[in-house]
Amino acid sequence: MIKYVAKRILLAIVTIWAVGTLTFFLMNMVPGGPFLSEKAISPQATAALEAKYGLDKPLMQQYLTYMSDALHGDFGDSLKQRGRTVMSIIQMKFPISARVGGLSVLVALCLGIPLGCIAALKRGKFLDSLISVISTCGIAVPSFVICTLLMYTLGVNLKLLPTMGLTSWKHYIMPVIALSFYPTAYIMRLMRSSMLDVLGQDYMRTAKAKGVAGFWILFKHALRNAILPVVTYVGPMLAYTVTGSFVVEKIFVIPGLGGEFISAISGRDYTLIMGTTIFLATLIIIMNVVVDIVYKLVDPRIKLK
Amino acid sequence: MKKRVIALLLAATMLSLTACGGGNNAATDNTQTTDNAADGAATDNAGDTQTADAAADTTSAGGKILSVQVGPDPETIDPALNSAVDGGNMLLHSYECLLTVDQEGKLAPGQAESWETSEDGLTWTFHLRDGLKWSDGSDLTANDFVYSWKRVCDPMVAAPYAETVLGMVEGYADAITGDLDALKVEATDDKTFVVTLSSPCSFFGSLAAFATLSPVQQATIEANGDAWATAAETYICNGPFYISEWVPGSYIMMSKNPNYWNADAIKLGGIKWNLIEDSNAAYSAYQTGEVLMIKDVPTEEIPSLSGNPDFYVDPIIGTYYLSVNTQRKPFDDVNVRKAMSLAIDREYVANTLMQGTYSPASNFMGPGWIDTDGSQFMDNANGGQPYIDTTTHEANVEEAKQLLADAGYPDGEGLPSITYSTNDAGYHKVVAEYLQQAWAEIGIDLQVEIVEWASFTPMRRNGDYDSARNGWVGDYSDPSNMLDLLYSTNGNNDGKFNNAEYDAAMELSRTTLDAAERSEALHKAEDILMEEAGCIPVAYYNDFWLQSDKITGSWHSPYGYWFFMYADIAE
């Protein structure tokens, strides 16, 4: 196990380095730059800015400087949001996205797993069809439609919930519903199909033949085997969800990290692009390691190598 | 076994919860520090920050809070660095320059109570008011202006507007390379600020009212570096309001500045700037009454809103125009450029395609630009006649066809297929599609190329295009601000328009001290520009917004700014 974790950490470092390097050169290949506006900035001002942030140096040198700074934990200053460091932006905005995203994943798990199981057990019955319809909707309807619908009905028309900001528990309701819609539907489907698969296995029949009670079979024998695909899905999904959704955050005016990913790229805020990309990559890698370990715990037959 | 499964689920839950928990603490800490800072800042408006989120017209001990939306998080609110309108709106309320612009658009005393110009127009002397103070209560003197103006030239600050606002000050050329003390701005005593220009500048008063030249506090900036303008505690200002709380991406809370010289005239207790990016979100907030004024109105709502008393359309100084690359064939032929211009039905573009949020442009310089005698520049242009009659589209098209034939391309025969480049925002794409259709009518085959914003700007600037969308919104109302764009060596001369007569007229306008001669030179420049079709004006910009009738005493200026400082909220 320790050997496994050590190996994974080593691999993670290599992966993050590769992601960082690729991103660095790709973003510099795209035309444009951070100091552009409709009104031309004087050549002196542009030159001064480039000198200030080291953008006047050869690309290879910029790369080496960036990487060695990053190794020392310094991710630089944002080029667009003058006066803020990349780390301060992530530190300020990630917790907000993580709170909304974490709650949404929790909701998705609490709803998706039981509903998926029920659908599998009541296969072909009315309840199964109903759940299928709901999950199809959840997968097909994009989040901005759900956001707008919620906003229009609960916020503007009925005035039940506040439409913007994140200052009380009420503010969380709409964004969490909107964010958890898709993963709930997806988990429901995964759970249903893998549960159906497991229910048809021989050992289930054996257990039934032994006379194990219905609910007990489901919990002890079926769920444990059936939940593996959900675990695989939830890992990376958690990483993506806690780093914020551009659309949902924009619509509900949530000051989260989601918008920074997009605005950093469209504004060519090089240091922020690097910072957010490396941050997301690290999270995904961590989640994948966690998924592997959870696998092992759920299913002792799996060997971690 | 079952226990372990549950334990696992719990573990996953805990993971997300720890993330939540950590976040919660961080957030609470933040608000506490800002609250304390507000407490310390000489007022007891701290109560405002707590109630700030409630309805917009909540009355608290500190007065009424006006809740508005003018844009998302500003990129910067450092006066020297800002180049955006939304940041400018916030600077307008937190800072005050030497001079200000009043409701009629005329210059008015600001931090300076009077000012005078020497006879040669080169020396400007500003006399500051008695007892000026910063928002932290310390004294503000003429030396603060010396520091702030020199800072704008600092290459390490790299202020985008440095040349625009200080380019005519003596010593600028040396100052911009790092020798800041070369800039000829002096404080002869604590209350007198003297600027020496290298060449006369009749509109320098407008620049003295320009937000870039706001005073900033040296001690704060030296202690905090660039970060001084990113947090409420270190954002020391001198205007009618100061920032009492700032939640990035959410809102900026401004409270009345008791140290402002004219604080007695300020009725509001504060202004909450809601940093909403999405226009639909802004519209929802307006409908629920959480926000009393929004700048970003969803375009699809405009047809149902126009005519409502709370929907406003007001001109700003700016023109939506097309650049044609005059260095490339066939656009080097003036007849081709004019034909392209005349083939456009500007009434249709502005009123139908752009839903009346723009106005059809008959000139390059639209409403709001001020002539040297204080009248509207547009009224005196071309002998009071529009350059392009936008009401006679049919006739214009016939003329366009004739011009194209004169250029040797009857019905467009022999013309290569040309490209129109634009980024995709606002109405840009529909205009591009319209141009395709309008120019096809006179035989021009047009390809539309949509380019991502950050690539579009350098491409256009490098002259790497056939024809492209362009636009300019004025910084101050002197016509030179926009006419300079077509000066041969101007950095914004995207069409690479190069006309010796035009350049000569612009140069004369810069050097002459005679108001009438200057006006004549500027009008001559526009005459040449329109005759040569150096660019193709399409529509004038307007600001359009929703504002509740509860807001009284506010106004909107042709610079695109809303003045809320003297506003009040009716019950």
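# Close-up views of chain B

**View 1. B:Met293 has B:Gln547 as its bridge partner in β18(B).** The model is predicted, so local features need pLDDT of at least 70 and side-chain atom pairs count only at pLDDT 80 or more, while totals for chains, interfaces and linings use all residues. Residues are numbered from 1 along each chain as its sequence is written, and chains are lettered from A and ligands numbered from 1 in the order in which they are written. Helices (H or I, at least four residues) and strands (E, at least two) are DSSP runs numbered from the N terminus, and two strands pair if DSSP finds at least two bridges between them. β12 (residues 293–294) of chain B is joined to β18(B) in the antiparallel sense by 2 bridges. β13 (residues 311–324) of chain B is also antiparallel to β18(B), over 9 bridges, and here B:Val313 stands opposite B:Phe544. A further antiparallel pairing, over 3 bridges, links β14 (residues 358–360) of chain B to β18(B); within it, B:Pro360 has B:Ala539 as its bridge partner. Of the 12 residues of β18 (residues 536–547) of chain B, 11 are buried (20 or more other C-beta atoms within 10 Å of the residue's own; exposed means 12 or fewer and partly exposed in between, with C-beta atoms placed from the backbone).

**View 2. An open antiparallel sheet of 4 strands in chain B has the order β5-β6-β8-β7.** The edges are β5 (112–117) and β7 (185–189) of chain B; each has a single partner strand, so one side of each lacks a neighbour in the sheet. From one strand to the next, the twist averages 20°. β5(B) pairs with β6 (residues 123–128) of chain B over 5 bridges, in the antiparallel sense, and B:Leu128 is the bridge partner of B:Ala112. Helix α4 (residues 142–153) of chain B lies across β6, β7 and β8 (192–196) and runs at about 170° to β7(B) (axes are lines fitted to C-alpha atoms, for helices over the stretch in contact, with angles from 0 to 180 degrees between N-to-C directions).

**View 3. B:Ser206 lies in helix α7 (residues 204–208) of chain B.** B:Ser206 is buried, as 20 other C-beta atoms lie within 10 Å. Apart from neighbours within four places in sequence, B:Ser206 is in contact with B:Leu107, B:Tyr476, B:Ser477 and B:Asp478 (contact means C-beta atoms, placed from the backbone, within 7 Å). B:Leu107 is 99 residues from B:Ser206 in sequence, yet their C-alpha atoms are 7.0 Å apart.

**View 4. Helix α19 (residues 515–532) of chain B has its end C-alpha atoms 26 Å apart.** This agrees with the 26 Å that its 18 residues should span at 1.5 Å a residue (the expected span is 1.5 Å times one less than the number of residues). The buried residues of α19(B) include B:Leu522, B:Ala525, B:Ile528 and B:Leu529. Among the elements covering the buried residues of α19(B) are α13 (377–380), α17 (480–483) and α18 (500–511) of chain B. B:Ala533 follows α19(B) and has a positive phi, near 45°.

Key:
Contact = placed C-beta atoms within 7 Å.
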